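Hi,

Here is the structure I promised to pass on to you. Have a look at it first, then read my notes below.

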Amino acid sequence: MRKRFFRAATVSIVAGLLIAFLFAVPLMQQVYTDEIRERLAAVLALAGEMDIPDGDLSDTVARLSGRLAEEDTSVRLTVLDEQGFVLADSAADAADMENHAARPEIREAMASGTGEDVRQSATTGDRQMYMARRVSGKDGGTRIYRASVSLGGTNQVQGTLWLCGGVGIFMGLVIALISAHYAAGRVVEPLQSLTGAARAMAEGATPAKVEGAPDEMGELAGAFNTMADRLAAAHAELEQANDRLAGILQGMDDGVLAVDAGGRILLMTHRARDLLGDCPATARRLDECGVHYLAVGDILKRVMREGGPVRETLSLTPEERTVQVYAARVSEEPAGGALAVLSDVTRLRKLEQMRSDFVANVTHELKTPLTSIRGYIELLKSGERDPETARSFYEIIEIEAERLQKLTDDLLQLSEIENGGAEPDVPLTSLSETVERAAESLRPEADARGIRLHIFVPPELRVRAHPRRLYQLMKNLMENGVKYNREGGILNISAAAERGVLVIRVHDTGIGIPPEHRDRIFERFYRVDKGRSRELGGTGLGLSIVKHIAGLYGGDVSVASEMGVGTTFTVRFPMP
Ligand code: ADP
């Protein structure tokens, strides 16, 4: 740009000067020849008026010419008769000179009185201007006076002019360079900073403000700055929207994963990584990640190929996780890529499984006593039984009916706790009174097996729990403590406030619980020894009810046990 500026300025200045010279040089020449012409005319007029007699001609001409030479006017003077013979000449001997009648200026002067010509002189050899004038002397004779002067001076003038031109062009060039430098500074520099800013903008950087003088460049810079500001604002808005969208996607409980038609990852949320396992941060494609990603990749490929949303469930091993994949094309075109939404349905599936297990268990638990009852009724109906046998049958039927009763009671309790939701106005219930009541109901059975009950519950301890529920909880734990105790064993019930938590411990000296069962005994219908539990009238729901009641009031329950030594159940409640 700067170079072009210099070139344009130089060319225009040189061309301007050349054109000026092409016009000026002939003009100057014209002025110069006009000057010479006037001078010749003046000399001829003077000589003509002198009217010199023939005898003095040569002398007078030589004198006159000498005088003119003194005045620095090197005019050659020639006098001719009317036939064109040279009478006298200031530069040569007249006798040696040929007849001049054929010379154009002489011919013209003879014909019209004055004549003029410019040519190479045969006598002096250089370019001359000739002027002739016809003069009638007082003696009646006619003479022709001719004055001539060398035009060599014009060449000198021409040379000087061209020299001036050369100097002018050189000076012009210097001026052109200087002014182009300043002009370039005014035009090129703002343009360069504009270009730099535009380039920075194209590369994604925020361009600095472009300065400009208050002229057209300044207006351009101003317009550019406004455009850059608008673009930056639009960019910021877009980024904000993107961040918001990314935030929403990242905040979703479901994982989101999107790929383009070539299988390159466009989007993968943290949740998607959580669900599908590790994938290197540098991975660009799903096949660079783990095996679970390949399974999702296959679904996405199928969706891109065949279209239509797809819903599939993946069972991930060894994580034992069930993930539901909803996959669909991002746009109508397969080239637009595809998107998968991943939902963790492990808990849901487990719940479904638990529900169906529960139904199966309940059915089974109800069926066993019912079958037994119906069997004995059939036996009683089928024939005469002696009163002893009949009574034992009735007793069995009664026991089974009681079992049914207990089972339905426990089931009802469980469903009440599970579906009851939060209870309003939960009262403060005395723990020692509750424990005493439960002990009272268990005493006959405990006494029958020689089990001693030791109760260490400070009377001031209260639990924010419904009295009926707290009683169910304590009764179930204490009942187990009696049921699974050894003959003549001990059941300890203690409670204390420990660091703001109410801790209740129910410790027995019974059979203990094998370690592998300890985590599962709180599940519904789970029993360590099914036969024994049934025999003792258990339903397999007691500990499940305990766990639910503790949870209902913000507490929890845990177990510690030693085989053949005893078991301790610990319930923790927040202090009211
Ligand atoms: P159940 O009605 O069979 O007693 P629970 O839910 O109360 O049902 O208890 C589940 C199982 O946990 C029992 O079948 C028993 O095997 C075991 N268990 C519970 N409490 C004790 C305990 N104090 N000592 C030993 N085993 C126990």
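The largest nonpolar core in this predicted model has 48 residues. A nonpolar core here is a set of buried Ala, Val, Leu, Ile, Met, Phe, Trp, Tyr and Cys residues joined through side-chain atoms within 4.5 Å. Buried means under 20% relative accessible area, exposed means over 50%, and partly exposed is anything in between (1.4 Å probe, protein chains only). Leu431, Leu473, Met474, Met478, Phe569 and Phe573 have the most contacts inside this core. Among the elements that each supply at least two of its residues are helix 9 (387–420), helix 11 (467–483), helix 14 (542–552) and strand 17 (566–574). Helix 11 gives the largest share, seven residues. (Helices are DSSP runs of H or I with at least four residues, strands are runs of E with at least two, and both are numbered from the N terminus.)

In soluble globular proteins, nonpolar side chains tend to be buried together.

Now for the charged pairs. The structure holds 26 salt bridges, each one a side-chain nitrogen of Lys or Arg within 4 Å of a carboxyl oxygen of Asp or Glu.

- Glu416 and Arg469 meet at 3.0 Å, N to O. This pair links distant parts of the chain, as Glu416 is in helix 9 and Arg469 in helix 11, 53 residues apart. Glu416 is partly exposed at 34%, whereas Arg469 is buried at 6%.
- Arg271 pairs with Asp253, with the closest N and O atoms 3.8 Å apart. Arg271 sits in helix 6 (residues 270–276) and Asp253 in the loop between helix 5 (216–251) and strand 6 (255–259), so they tie together parts 18 residues apart in sequence. Asp253 counts as exposed, at 60%.
- Arg391 and Glu388 have their closest N and O atoms 3.6 Å apart. Both lie in helix 9, three residues apart, about one turn of the helix.

There is also a network of salt bridges linking Glu105, Asp117, Arg119 and Arg146.

Residues are numbered from 1 along each chain as its sequence is written, and side-chain values use heavy atoms, without hydrogens and water. As the model is predicted, local features need pLDDT of at least 70 and side-chain atom pairs count only at pLDDT 80 or more, while totals for chains, interfaces and linings use all residues.

Cheers
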